[in-house]
Structures are given as C-alpha cells and as structure tokens.
Amino acid sequence: MNGVDPLLFKITVVLYLAGTILFLAYVVSQKETLSSFSIAATSFGFCAHLLALLFQTIHVGYLPLTNLTEAMSFFSWALVLTFLVVEYRYRIHILGTFILPLALVSIIPAAALPMAEKSLDPRLNSAWLLIHTPLALLGVVSFAMAFVMGVMYLIQERLLKSKRFNSLYYKLPSLDLLDDLNRKAVYLGFPLLTLGILTGALWGKYAWGSYWTWAPKQTLTLVTWVFYLVVLHGRLTIGWRAKKAAYLAIIGFLGVIFAFIGGTLLVKGLHTFV
Amino acid sequence: MHFVVVGLSHKTASIEVREKLAFSEQKLQEALLQLKTYPAIQEGLILSTCNRVEVCAVVKDVSDGLQQIKQFLAMYHKSYSPSASEEELTPHLYTYSADEAVRHIFRVASSLDSMVVGEPQILGQLKDAYDFAIAQKSTGVILNKVLKKAISVAKRIRSETRIAESAVSISFAAVELAKKIFGKLDGKIVLLVGAGKMAELAARHLINNGASKILITTRDYEKAAHLADQFQGRPVAFSDFPWEMVDADIVLCSTGANHYLIRYEDVSRVIEARKNRPIFMIDISVPRNIDPKVNQIDNVFLYDIDDLQLVVRSNLQVRQQEAVKAETIILEEVEGVLRWFRSLDAIPTIVALKNKAEEIRKAEIGKALSRMGDLSEKQREAIEGLSNSIVNKLLHAPMVVLKEETHSTDAGLFIDAIRRLFKLTKDPS
C-alpha cells in the first residue's frame with residue numbers, strides 16, 4: 001500500500017494529545033485557566049483535522065469514508081466538533097477530559113497509516129456515500145456523547161451518594177444537566193441512525209439490487225437500533241431516567257462500537273467497508 | 001504623612017476584650033472627634049464590628065501616631081472599665097504602618113482576615129465606616145485613596161477568585177447540594193417535616209433560590225397551617241406525609257422524634273411512584289428521623305447533619321485555596337498604592353514642577369528665537385532673562401506653600417492638587 005504521509009493527521013494527533021493531557025491536568029489542578037489552554041489546543045487540533053480531511057478528499061477524489069480508518073477519523077473530527085459546540089453552549093469544561101481521549105484514540109490509525117490510494121469500487125463512489133455514511137457516523141457521535149454523559153452522571157452520582165467532595169465533584173455539572181444532555185444526545189442520535197439505516201438500504205438496492213442482506217454489520221446495527229428504540233420508549237413512558245438512563249447510554253454505545261468495529265473487523269462479509 | 005493601622009480582631013482578642021472595645025453606633029461620632037484631637041493624627045477612620053476594631057489613620061510621625069492611637073483606645077476602653085489600663089490592652093493590639101498597613105486593610109476588606117474567609121459582610125461594614133468618616137470630615141486625600149482602593153480590590157478579588165462562591169453554612173450547603181442534583185431549583189417542590197429552626201432557614205434559602213412550592217407537615221396540624229401561611233405553602237396532615245414525598249423533590253426533616261419517621265420501604269415505594277425522578281432528603285434532626293439505609297436506594301440522596309458539615313468543611317478548604325490567589329492580587333495592588341504614596345513627597349514634586357516649567361520655557365524660547373531672526377547677544381540674553389523671571393515668579397508662591405505645608409495635615413492634599421493641576425505624572429494606579 002503506497003500512499004502519502006499523513007502529516008496533517010500527525011499534527012492533529014499531537015494537538016489532541018496536548019488537549020488530552022491538559023484536560024487531565026485540569027481535573028486535578030486548582031487553576032480554572034488551565035481549561036482555556038486545553039480548549040485552545042483542542043480547537044487548533046480541530047482545525048488541523050479539518051485541513052487534513054479536506055486535503056485527503058482532494059487527494060483521493062472522493063469523500064474519505066470508505067474504510068474503518070477513514071470512518072474513525074471522521075468520527076473523531078465530528079466528536080470534537082460536537083464537544084466544542086456543547087462546551088460553547090454549556091461551559092462544561094470537564095467534558096473535554098472524557099471526549100478528548102476518545103477523539104485521540106479514534107484518529108491514531110489515520111495518522112499511523114499512509115493514506116489509501118486505492119481506486120474506489122465505482123458502485124460505492126456515488127452520492128450515497130455522501131449521505132449514508134455521514135448520517136450513520138453522526139449517529140455514532142451522538143451516542144458517544146450520550147455515553148460520556150452517562151459516565152459523568154455515574155461518577156457524580158457516586159460522589160454525591162458517598163459524600164466525597166473532591167475536585168471532580170466541583171467540576172462536574174449537576175445530575176439534572178447530565179441526564180438532560182444524555183436524553184438530548186439519544187433523541188438526536190436515534191433519527192440519525194434511523195436515516196443512516198434507511199439510506200444504507202436504498203444504496204444497497206441501487207448498488208447491489210437488494211435492500212437488506214442480513215450482513216453481520218447490518219444485523220448488529222439493527223440490534224442497536226432496536227435497543228435505542230426501547231431506551232427512548234422507556235424514558236418517555238416508564239421513567240427510565242437518571243441512573244438507569246446513564247447505564248443504558250453506556251451499554252448502548254458499547255453495542256454501537258461492537259457493530260461499528262466488530263462488524264468490520266471480526267466478520268468478513270459484504271460490509272467489510274464501513 | 002504615614003498611613004497606619006492599629007486594631008484587634010478575633011485572632012488576637014477574646015470576645016470579652018472585643019465587646020468592651022467595640023464602638024457602638026451612637027459613640028462612634030464622639031470617638032472619631034476625640035481621635036482627631038490627638039496632635040499626631042491627621043486623618044482617621046474607625047471600623048468596629050463584632051469581630052474586630054480597626055483604627056486607620058494618617059499620622060505625622062509613625063511612632064508618635066501609633067502611641068497616640070493606643071492611648072486613645074486605652075482611654076476609650078477605660079471609660080467602660082475603669083480598672084483597665086493601656087498595658088492590659090497592648091497584648092491584644094496589632095500595629096501596622098506603610099505597606100503593611102495598606103496590605104492589612106486590603107486583606108480585611110477582601111475578607112481574607114475574617115473568621116469565615118470570604119464572608120461578604122465585612123466589605124459593607126467597611127464601606128459604612130468609610131461613609132461615616134467622610135460625613136464627619138475625618139478623612140483626607142490619603143485615607144480616601146486607600147479606602148477607595150481597598151473597596152475596589154475587594155470587589156476585584158470577589159470577581160476574579162472563587163473565594164465567596166461556595167456555601168459555608170449548613171443551610172446554604174443544602175442549597176448548593178440541591179443545585180448539584182437538580183441544576184436549577186425553579187419549579188422544585190420542598191416538603192418540610194417538623195418545624196426546626198435550621199430546617200426552616202434552609203427552606204427559606206431554597207425558596208429564595210427558585211423552589212416554587214412548599215409543603216409543610218408537623219405533628220401539630222395547627223402549627224403546620226400557621227407555618228404554611230408564612231411560606232405561602234400548603235399544610236399536610238402528618239399521617240399522610242410519606243405519600244406527599246411523591247411530589248416533593250426536596251425533603252427537609254427536623255423533628256424531635258427519637259425514631260425513624262421515614263423508612264426504607266416508604267422511600268422505595270415513593271421513588272417507584274416518582275418514576276425515578278431523583279429526590280434529595282436532608283435530615284437535620286438529632287437523633288436522625290430518616291433511616292440511613294434510604295441512601296442506598298437509587299436516585300435518593302440522603303444527607304444528615306454531619307454530611308452537611310462535611311460539605312461546609314470542604315468548601316472552607318476551597319476558600320483557603322482561593323485565598324492564596326487573593327493574596328497575590330493584594331500584593332500587586334499594594335504596590336500601586338505605595339507608588340502613589342511616594343509621589344506625594346514634597347521634594348520630588350517640587351523638582352518635577354521645576355523641570356516641567358523649564359521644559360516649557362526652553363521649548364517656547366526656542367520657537368520665539370527662531371522666528372525673530374538675527375538678534376544681538378544682548379537682545380537674546382534679555383529675552384532669556386524675561387522668560388526665566390516670568391517662570392520663577394509664577395512658581396515661587398506655589399513652591400513656598402508646598403514647602404511650608406510639607407508637615408501640615410493637608411500636605412497630601414496640596415501635593416496631590418499640584419501634581420494634578422500641572423499634570424506632573426500620571427497617578428500610578
């Protein structure tokens with residue numbers, strides 16, 4: 001596999017790493033100002049990442065969402081974008097402490113491997129690539145947000161129950177806000193995933209002649225979709241909120257990761273691309 | 001002119017000493033007038049609260065000034081307890097001068113020297129003391145400068161550090177915890193069980209912070225109805241109250257009962273009926289009225305009096321850490337005031353005035369001579385002489401007055417006025 005050195009991705013990794021370290025330091029430090037340095041590093045990383053993605057798109061001539069590495073890179077970028085938006089709106093600095101490691105891990109393959117220069121299967125290089133894949137990945141980003149909110153909820157809940165008023169307690173927001181953002185993230189992620197599945201089915205019809213093939217990835221995704229449907233229903237009708245909702249968001253996202261990565265790596269099916 | 005502070009506080013004197021020395025509002029006017037009669041004292045201000053007495057003054061000579069302020073305090077002390085003497089008072093007094101004095105008054109204003117660091121009352125008390133001193137015309141240019149700065153430094157510290165942010169009383173700690181659980185308290189319903197004073201206070205704080213409705217129950221329904229009137233709440237029959245918890249987001253319990261009024265099973269059922277909406281339970285009663293096991297139920301947060309005290313203690317720790325930042329700000333601001341003090345010396349002011357006049361004279365002479373073309377040496381000397389004598393005569397009177405006033409009460413006023421009228425240097429702060 002010959003390719004171009006992913007220099008911009010490497011720069012992004014360095015900046016996300018700096019953001020991660022600064023955000024971790026922010027948790028233990030007394031200095032409120034540290035968070036602005038972390039956010040600055042993250043923002044620069046985001047810009048470098050954007051340039052990297054643009055460069056890659058121009059270089060290969062299609063939207064770079066055709067393999068696991070590229071999909072994870074896009075996921076990382078969209079996750080950081082979402083974080084910056086949430087940070088701007090709600091000022092939950094500590095959110096970065098949880099998001100940045102996730103973004104960092106997701107972009108490392110893109111920085112470590114040379115950019116793919118394979119010619120794309122013409123059946124894949126269609127307008128559907130622009131619609132199906134981003135929708136599905138943005139759904140994953142939403143569920144990742146819900147997951148992080150769930151983790152933060154459980155930590156804050158534990159601290160409040162056990163009466164440990166440490167630095168984390170002061171920096172984590174209220175349980176109500178965490179539960180609310182968890183709810184919003186699932187509310188947003190579910191329609192995105194639904195549209196992702198629908199457009200995927202249509203794409204399948206045009207490219208291969210069948211809407212649904214029960215490929216392992218499709219099946220796993222459908223399972224997570226049903227799971228989130230139940231979660232939504234539970235919240236709206238029987239009070240699956242607060243601690244229970246936090247657990248469900250965590251379980252759901254683990255399922256998503258399994259469908260997303262497991263479906264690609266473990267099972268060699270039709271859907272070995274994303 | 002020197003700025004000094006003599007005082008005592010909760011750190012140096014017991015309540016017995018402080019209460020004897022405290023200046024009541026009625027006595028303050030007389031005391032301030034008396035203070036001004038001491039020869040070394042040019043400007044004065046008295047701050048008297050239950051935790052401290054501070055005499056801030058501008059004095060001609062530091063040691064005379066401090067001595068006379070001590071005499072003044074001893075004499076005042078004596079009028080209450082004739083047996084008291086200056087020696088008795090001295091061990092409780094601290095004295096500061098120059099930068100130490102400025103720093104001390106800044107620390108007092110910013111509540112760094114308070115019993116509860118960061119408490120907000122002291123700034124208001126200092127403002128009142130200052131306003132009173134202004135009304136009595138006992139302040140001058142230096143006290144005005146230092147006190148105004150002290151007030152602005154205190155405000156700066158409050159906005160730039162978190163020194164006054166977290167709750168340091170039990171009832172505020174309850175509000176703070178409620179906010180960590182519910183975010184905003186708007187629309188939240190509080191159930192008050194029993195009519196303990198502390199619970200009532202906490203309920204009041206919760207309402208002030210947005211809680212919209214209050215349910216009240218006591219064993220004596222009449223009493224509950226009476227309290228409900230005060231809070232514009234709703235009285236609830238004591239036998240029914242466990243079920244009222246289904247609506248209540250915050251339960252405040254403080255009764256004299258010596259057994260658990262709220263049991264594990266009650267709360268389990270309530271949480272189920274609430275569809276897992278969290279509930280915050282505060283048990284201020286001793287012995288406790290809520291079974292501690294209740295805290296094990298999901299979405300229930302039970303706090304007893306010790307837990308609330310723990311919140312207060314950890315918040316106090318946060319304040320201590322913030323106080324370190326505040327000290328840095330204070331050092332920085334003291335430096336600014338010291339620079340201003342130095343500018344108030346008469347000699348540098350006279351030199352600066354002379355230099356400024358000479359600068360203007362030279363510039364103007366230069367312009368005039370260049371316009372006049374060829375002049376003889378004599379003509380040139382005449383013009384130079386003319387300019388010199390105009391400048392010297394104009395400046396003569398102000399300089400003589402400045403020199404004369406150097407040791408008077410109003411020296412600072414004159415020097416400050418001269419510096420401002422002639423725009424000698426910018427005020428360093």
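Visitor: What span does helix α7 (residues 175-208) of chain A reach from its first C-alpha to its last, and what is expected at 1.5 Å a residue?
Guide: Helix α7 of chain A has 34 residues and reaches 47 Å, close to the 50 Å expected. The expected span of a helix is 1.5 Å times one less than its number of residues. Helices here are DSSP runs of H or I with at least four residues, strands are runs of E with at least two, and both are numbered from the N terminus. Just after α7(A), A:G209 takes a positive phi of about 90°.

Visitor: Before we go on, what kind of model is this?
Guide: This is a predicted model, where local features need pLDDT of at least 70, side-chain atom pairs count only at pLDDT 80 or more, and totals for chains, interfaces and linings use all residues. Residues are numbered from 1 along each chain as its sequence is written, while chains are lettered from A and ligands numbered from 1 in the order in which they are written.

Visitor: How do you know how confident the predictor is in chain B?
Guide: By pLDDT, the predictor's confidence in each residue, from 0 to 100. Chain B averages 89, and 97% of its residues score at least 70. For the complex, the predictor gives an ipTM of 0.89 and a pTM of 0.75.

Visitor: What span does helix α5 (residues 127-162) of chain A reach?
Guide: Its 36 residues reach 53 Å from first C-alpha to last, close to the expected 52 Å. Just after α5(A), A:K163 takes a positive phi of about 60°.

Visitor: Why is A:S76 called buried?
Guide: A residue is buried if 20 or more other C-beta atoms lie within 10 Å of its own, exposed if 12 or fewer, and partly exposed in between, with C-beta atoms placed from the backbone. A:S76 has 30 other C-beta atoms within 10 Å, so it is buried. A:S76 lies in helix α3 of chain A.

Visitor: Which residues does A:S76 touch?
Guide: Not counting residues up to four places away in sequence, A:S76 touches A:A103, A:S106 and A:I107. Two residues are in contact if their C-beta atoms, placed from the backbone, lie within 7 Å.

Visitor: What makes up the contact between domain 1 and domain 2 of chain A?
Guide: The bounds come from an automatic or database domain assignment, which gives domain 1 (1-120) and domain 2 (124-274). In chain A, 21 residues of domain 1 are in contact with 23 residues of domain 2. On the domain 1 side, α1 (7-28), α3 (68-90) and α4 (95-112) of chain A each give two or more residues, and α3(A) gives the largest share, seven residues. That side divides into 18 nonpolar, three polar and no charged residues. Here Ala, Val, Leu, Ile, Met, Phe, Trp, Tyr, Cys and Pro count as nonpolar, Asp, Glu, Lys and Arg as charged, and the others, Gly among them, as polar.

Visitor: How many residues does each chain give to the contact between chain A and chain B?
Guide: Chain A gives 15 residues and chain B gives 18. On the chain A side, the elements that give two or more residues are α5, α7 and α9 (242-265). The residues of that side divide into six nonpolar, three polar and six charged.

Visitor: Why is strand β3 (residues 52-59) of chain B called largely enclosed?
Guide: Eight of its eight residues are buried, so β3(B) is largely enclosed by the rest of the structure. B:R52, B:E54, B:C56 and B:V58 point one way, B:V53, B:V55, B:A57 and B:V59 the other way, and all are buried.

Visitor: What makes two strands a pair, and which strands pair with β3(B)?
Guide: Two strands pair if DSSP finds at least two bridges between them. Strand β1 (residues 2-9) of chain B pairs with β3(B) in the antiparallel sense over eight bridges, and B:G7 has B:E54 as its bridge partner. Strand β2 (residues 41-48) of chain B also runs antiparallel to β3(B), joined by seven bridges. A hairpin of three residues links β2(B) to β3(B).

Visitor: Which strands are at the edges of the open sheet of six strands in chain B?
Guide: The order is β7-β6-β5-β8-β9-β10, with parallel pairing. The edge strands are β7 (234-235) and β10 (300-304), as each pairs on one side only. Strand β9 (residues 279-283) of chain B pairs with β10(B) over five bridges.
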